[in-house]
Amino acid sequence: MTQDELKTLVGQAALQYVTPGEIVGVGTGSTVNKFIEALASMKDQIPGAVSSSVASTARLQALGIPVFEANAVGELSVYIDGADEIDAQGFMVKGGGAALTREKIVAAQSRRFVCIADETKMVQALGAFPVPVEVIPMACARLVRQFGALGGKAQVRIKDGVPLVTDNGQHILDVTGLHITDPLGFENMVNQWPGVVTVGIFAHQRAHVCLLGTANGVKKLKF
C-alpha cells in the first residue's frame, strides 16, 4: 500500500476510539485529515470536536462537524492526532504542521491520546526528524545559539520567503542534529528557556495507543 493508503487505513481505524455522545479532540496534519474525513460518517453521533488548528477547524466545519473552543468544554475522553516520530515508549516528535502548541493543549485536556501514523514514523530514538520549537520571535537568535551549544542546528522555518507565523502569531525553529535519549528531560529543559512557547517533544503528553499503518494492516501499540 502507498503511504496515503496507510494514512487512510489508520484514520478509519481511529473511529473505534470515538465515543458516541462525547466531544472528540482532533489534531492536525495529513494523517489527521484522513481521520476527519472518516469522522464525518459519525457526525450525527457526536456533539462535535475541539480542534488543534485553524486548518483542522476549517476541515471539520466544512464536513458539518461543530467545533468547540477548548475553554468552553471540560475534559475530553480522547485526542486523536498524528506524529512526525514515535518511539517504543509512546514519546513523540510533533509540529511538522506548525500546530504543536495547540496540539499539546488539547492533548493535555484529554484522558487518552491515540496516535495515528504510518510505520515510517516509528523510530528507536527521537531526533532524526527536525524537532519543531514554537518561539517568540525576539528570542530566535539566542535560542539558535542555545541549541547550537547542545550540538543541534536550529533554523527559523520559512514559508513563501518569510518566517512562518503560527496560529498563535509566533515563529518555529526546526532543530536538526539531535539524538534525544531522555525525551522527558529534554522537554523539561527546553520548555524552561525564555522565549520558548513549547517544544515539539511530546513526552508528558505521550501517546497511550498508537495505530500504526503497516503493509500487513493496522498494528495497535499500547504504552
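This is a predicted model: local features need pLDDT of at least 70, side-chain atom pairs count only at pLDDT 80 or more; totals for chains, interfaces and linings use all residues.
Residues are numbered from 1 along each chain as its sequence is written. Local features need pLDDT of at least 70, side-chain atom pairs count only at pLDDT 80 or more, totals for chains, interfaces and linings use all residues, and side-chain values use heavy atoms, with hydrogens and water left out.

Helices (H or I, at least four residues) and strands (E, at least two) are DSSP runs, numbered from the N terminus. Buried means under 20% relative accessible area, exposed over 50%, and partly exposed in between (1.4 Å probe, protein chains only). The packing partners below are in contact, that is, with heavy atoms within 4.5 Å.

| Helix | Residues | Buried residues |
|---|---|---|
| Helix 1 | 3–13 | Leu6, Lys7, Val10, Gly11, Ala13 |
| Helix 3 | 54–62 | Ser56, Thr57, Leu60 |

The buried residues of helix 1 fall within an arc of 160° seen down its axis, so they line one face; the arc is that of the directions from the helix axis to the C-beta atoms. They pack against helix 2, strand 7 (110–118), strand 15 (209–214) and strand 16 (217–222).

In helix 3, Ser56, Thr57 and Leu60 are buried. They cover an arc of only 105° around the axis and therefore lie on the same side of helix 3. Their packing partners are strand 1 (24–26), helix 2 (30–39), strand 2 (49–51) and strand 3 (67–68). Ala55 and Ala62, on the other side, are exposed. Gly64 follows helix 3 and has a positive phi, near 85°.

Met138 lies in the loop between strand 8 (131–135) and helix 5 (140–149). Its relative accessible area is 81%, so Met138 is exposed.
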